[in-house]
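Here are my notes for a colleague who is opening this entry for the first time. Please read them with the sequence and the model side by side.

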Amino acid sequence: MATTILRGAVGIDKSLIKKTSAASSCFMGLGQIIYLKQYVRGAFFALMELSVLFLIFFDQTVMQFNGKGPIVRSLIGLITLGEEKPNVPIKMKDHSIFMMIGGLITVLMLVVFICVYIANVVTARKTAAYIVEKQRYPSASESRKKFVESAFPYLGLSPAILLILFFTVLPLIFSALVAFTNYSSPKHIPPNNLVDWVGFENFITMFNSKMANSWFSAFGRVAIWTVIWAFFATTTCYFTGMIFAVILVDKRIKLPKFFRTVFILPYAIPVMLSLFIWANLLNGTFGPINRSLMQFGLLSEPIKWLSDPFMAKITMLLVNIWIGFPYSMILITSNMTAIPADIYEAATIDGANKLQQFFRITLPLVLFQTMPILIMQFAANINNFGAVFFLTAGGPNLDDSIQTKAGATDLLISWIYKLTYDTPTLYNLASVLSILVFVVLVPFAVYNFTHTKAFKEGEL
């Protein structure tokens, strides 16, 4: 019996690996069916490729194989973005944006199919190598066990990967592609009008300072203000919260819990409601703050809190401090309570005063623990839409605001909103700005976050 098994094993040579790989490369599942005796797995792979081929070649509109299946039509639609059909009702015309989205979905599905195709070849090759090494075909129980062990991670991750592809990657790619089209009103809004690919024309319009338009100056102004806003909005809230946290931790303060509760209230109130209230309080003409100061004789004329470009920016930062410092205060207080009291006792014995203890002990340790969160707050403030929209609405307007829609206090995110919601809608230029936010500012924040000591070491 042993001799019979050995003779059967002698026939399994290294050529099985090449044969299996070649067959699986020619058609999915072919190597598993012909050489590896994995009929169920091979049939699954083969059925998948047959389905893709069917969707490529079978045209269900005429019910025949003519090479114009749904996949081909979707890819053509992605390239052409539709054809002019002047004599067709509007509902039946080509919708360029829907065709772009459908083409992107098809491309992502083909990417997934290609990955599965490669996995089919790789797994076939590995299985053939295992058979050649062991000089025998695995039993049914061994095949099931090996399949469960190898396939479980892929089966577990595949739903998450698919969701990321279609709900994260797809919108990002679509938003980026719009920047290379003329998708804008009134002449290029589907379905009544088609959208066309225009290459880098929108980037030239936005970034070319030699052109006779205001877009470049508006972009530079808004981009600089966005960075300035993000920096000061983050640092002012953080260090104001730190000051209050240090004060309230001091044992000489009476009723610290009461004061913490009072200071937390601005953070507990919905931000939109707080900003609406501040916008009314700071109204230059009818605002209670200006009227009260003038009645007490402290002002001869109202302060232009929101109507002067420079003053409006200062007002935004001050209101943001009022709204944002409680979060930093709570965060820093929790970190300070985790610092061992022995360190402060040793510092007191060595003759360090309260100020020296703060700068030598409290500040370094708190910064070490909270730096990742501080950087994340910086990234969040770059896209802090509410702080602009509900307080100043991006105003006051400047000389180029009629053409570019960019106000004095607009951030990139609020400018994008205006370009997409105010008439005329300029989705193409808004997409250019979106690409800028993603490609430049987000990687900057990620780079800084990953290079902090807290991220690298994870502990003190």
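1. In helix α18, the buried residues are Leu412, Ser414, Trp415, Ile416, Lys418, Leu419 and Thr420, where buried means under 20% relative accessible area, exposed over 50% and partly exposed in between, with a 1.4 Å probe and protein chains only. Helix α18 spans residues 412-421, and because seven of its ten residues are buried, the helix is largely enclosed by the rest of the structure. Helices here are DSSP runs of H or I with at least four residues, strands are runs of E with at least two, and both are numbered from the N terminus.

2. Before going further, please keep in mind that this is a predicted model, in which local features need pLDDT of at least 70 and side-chain atom pairs count only at pLDDT 80 or more, while totals for chains, interfaces and linings use all residues. Residues are numbered from 1 along each chain as its sequence is written, and side-chain values use heavy atoms, with hydrogens and water left out.

3. Lys405, in the loop between α17 (401-404) and α18, has a positive phi of about 70° although it is not a glycine, and its relative accessibility of 11% is the reason why Lys405 counts as buried.

4. Which residue has a side chain that makes a polar contact with the side chain of Arg125? It is Ser21, at 3.2 Å, a polar contact being a pair of N or O atoms within 3.5 Å, of which, within protein, one must be able to donate a hydrogen and the other to accept it, and residues adjacent in sequence count only if both atoms are side-chain atoms. Ser21 is part of helix α2 (residues 15-26), and a polar atom of its side chain also lies 2.9 Å from the backbone oxygen of Ile17. With residues up to four places away in sequence not counted, Ser21 touches Val121 and Arg125, contact meaning heavy atoms within 4.5 Å. Ser21 counts as buried because its relative accessibility is 10%.

5. Helix α6 (residues 96-134) includes Thr127, which is buried, with a relative accessible area of 11%. Leaving aside neighbours within four places in sequence, Thr127 is in contact with Leu36, Gln38 and Arg41. The relative accessibility of Gln135 is 28%, so Gln135 counts as partly exposed.

6. Leu177 and His188 are eleven residues apart along the chain, and their C-alpha atoms are separated by 15 Å.

7. A cis peptide bond is also found from Ser185 to Pro186, with omega near 5°. Pro186 lies in the loop between α7 and α8 (201-207).
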